[in-house]
Amino acid sequence: MTETALAGVLSEEQLQLREVLRAFLGKRSAEPDVRRQMATEAGYDAEVWRQLSGELGLPGLAIPEEYGGSGFGYAELGLVFEEMGRALLCAPYFGTVALAAEVLLRAGDESAAKDLLPGIASGETIAALALTEPAGRWDESGVTTRAERVADGWLLTGIKTYVLDGHTADLLLVVARTDAGIALFAVDGSVPGLRRTALPTLDQTRKQARLDFDAVPARLVGEAGGAWPAVERTLAAAAVLLAAEQLGGASRALELAVDYAKIREQYGRAIGSFQAVKHRLADMLTDVECARSAVQDGLGALAGGDATELRTAASVAKAFCSEVFTRVAAGAVQVHGGIGFTWEHPAQLYFKRAKGSEVLLGTPAEHRARLAGLLGL
C-alpha cells in the first residue's frame with residue numbers, strides 16, 4: 001500500500017499530524033542535524049525536544065488527559081514513530097514514551113501515575129525503563145537486580161544495561177526482584193549511589209547506558225511482586241511502536257535507493273532501467289508494504305485489548321519489520337554501490353539503525369520462539 005492509498009484509511013486529523021510532523025522533522029532532523037546530535041554525549045538537541053514537547057505536544061500524545069496528556073490513541077502514536085523513523089530523529093522519545101510512560105500507565109498505581117506522568121507528558125521529564133542486564137534478556141528470568149525493603153522504603157542493588165537514554169534520563173523506572181517477585185521502582189536520575197555510564201553503540205543515533213545501583217533508594221510503583229504483567233504488556237506495545245519506527249526507516253531507505261537509481265548512469269543509461277536493479281527495488285517495495293500491514297495489525301491489537309492477540313501481533317510485527325528494515329537498508333547500500341558504504345552517505349546510517357533496532361526488545365529469533373510458544377509448540 002503506497003502512501004497515497006494509505007491516505008484512504010487515515011482520518012483527516014491523522015493526515016494533518018503526519019504532514020505537520022514530516023515538515024517539522026524535515027527542518028529539524030535533516031541529515032546534518034542527525035550527524036551533529038549523534039556525535040554529542042546527550043544524543044539530542046534540547047531545543048528540538050522543547051519544540052516537540054511544547055509546540056507539538058508529542059510526549060503526551062497518547063497519555064490520558066487526567067495525567068496531563070492529549071488522550072489520543074496508538075494509531076496516532078504509530079504515525080509519530082513512523083515519521084521519526086524516516087528522519088532518524090535523535091531524541092529520547094522512544095524510551096520516554098513507548099517504554100517509561102507505557103509502564104506507568106499499566107502499573108496500576110494511581111498515585112505514581114498522577115505524580116510522574118504529567119512531567120513526561122509536558123516533556124519536562126525524560127524517562128527510561130531499566131530492564132535488561134548484562135545477559136541481555138528481555139524476559140522475567142533475566143531480572144536479577146535486587147530490591148531490599150528497609151524501614152523508610154526500598155534499596156536497589158544490581159546492574160542494568162542497554163538502557164535507552166539511561167545516562168541522561170531524569171526518571172528511571174527500574175524492574176527489580178523482591179522476595180515476593182518482580183516489582184517496578186521509580187528512581188531519581190541524580191540519586192546518590194547510582195553510577196551511569198554511556199555505552200558505545202553501532203547505531204550512534206540511539207544512545208544507551210549502563211546503570212550501576214549500590215543500595216540506591218527507590219519508590220515502589222504498584223505492588224511488590226506484581227509488576228511483570230505490566231512490564232510484559234509494555235514490551236508488547238513497545239515492540240509494535242518500534243516496528244512502526246522500523247517501517248518509517250525502511251520506507252525512507254527505499255526512497256533513497258529509488259531516487260539514486262533514477263539519476264545514476266552506467267553505460268549511458270540510468271541504473272534503474274536495468275532488470276536486476278528493478279527487481280531488487282521491487283522486492284524492497286514488497287517488503288515495505290508487507291511490513292506496513294504487520295504494523296497496522298499490531299496497532300489494531302494494541303487498541304483492541306486482547307492480551308493473546310497483542311502478544312501475537314507484537315511478535316509478528318517486531319520479527320518481520322526488523323528483518324525488513326535490515327534487508328531494505330542493506331539493499332539501499334548496495335544500490336548506491338561504493339558510495340553507500342561510506343561514512344559521508346546517509347545509507348549507512350539507516351543500516352546501522354536497522355541493525356540496532358533488530359536486537360532491541362528481542363531479536364527476530366526470540367520473537368519467533370515466543371510465537372511458537374503461543375502456538376503450543
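How many of the 36 residues of helix 8 are buried? In this predicted model, local features need pLDDT of at least 70 and side-chain atom pairs count only at pLDDT 80 or more, whereas totals for chains, interfaces and linings use all residues. Residues are numbered from 1 along each chain as its sequence is written, and side-chain values use heavy atoms, with hydrogens and water left out.

**View 1. Helix 8, residues 228–263.** Helix 8 is mostly covered, since 27 of its 36 residues are buried (buried means under 20% relative accessible area, exposed over 50%, and partly exposed in between, with a 1.4 Å probe and protein chains only). From its first C-alpha to its last, helix 8 reaches 52 Å, close to the 52 Å expected at 1.5 Å a residue, where the expected span is 1.5 Å times one less than the number of residues. Helices here are DSSP runs of H or I with at least four residues, strands are runs of E with at least two, and both are numbered from the N terminus.

**View 2. Helix 8 packed with helix 10.** The two helices pack at an angle of about 25°, with their axes 8 Å apart; axes are lines fitted to C-alpha atoms, for helices over the stretch in contact, and angles run from 0 to 180 degrees between N-to-C directions. Helix 8 and helix 10 are therefore roughly parallel to each other (angles under 35 degrees count as roughly parallel, over 145 as roughly antiparallel, 65 to 115 as roughly perpendicular and the rest as oblique). The residues of this contact divide into 22 nonpolar, 4 polar and 4 charged, where Ala, Val, Leu, Ile, Met, Phe, Trp, Tyr, Cys and Pro count as nonpolar, Asp, Glu, Lys and Arg as charged, and the others, Gly among them, as polar.

**View 3. Helix 10 (residues 307–336) and helix 11 (residues 347–359).** These helices pack at an angle of about 160°, with their axes 9 Å apart, and are therefore roughly antiparallel to each other. The residues of the contact of helix 10 with helix 11 divide into 9 nonpolar, 5 polar and 4 charged. Among the residues that meet are Phe-325, Ala-329 and Val-333 in helix 10, and Tyr-350, Phe-351 and Ala-354 in helix 11 (contact means heavy atoms within 4.5 Å).

**View 4. Gln-348 in helix 11.** At 6% relative accessibility, Gln-348 counts as buried. Leaving aside neighbours within four places in sequence, Gln-348 is in contact with Arg-35, Val-333, Gly-340, Thr-342 and Trp-343.

**View 5. Thr-132 in the loop between strand 1 (127–130) and strand 2 (146–150).** Thr-132 counts as buried, at 1% relative accessibility. Not counting residues up to four places away in sequence, Thr-132 touches Arg-137, Trp-138, Ile-159, Lys-160, Thr-161 and Tyr-162. The C-alpha atoms of Thr-132 and Ala-198 are separated by 15 Å, and these residues are 66 residues apart along the chain.

**View 6. Positive phi at Ala-215 and at Tyr-267.** Ala-215, placed in strand 7 (residues 208–221), has a positive phi of about 55° although it is not a glycine, and is partly exposed, with a relative accessible area of 36%. Tyr-267 is not a glycine either, and has a positive phi of about 55°; Tyr-267 is found in the loop between strand 8 (265–266) and strand 9 (269–270) and is exposed, with a relative accessible area of 78%.
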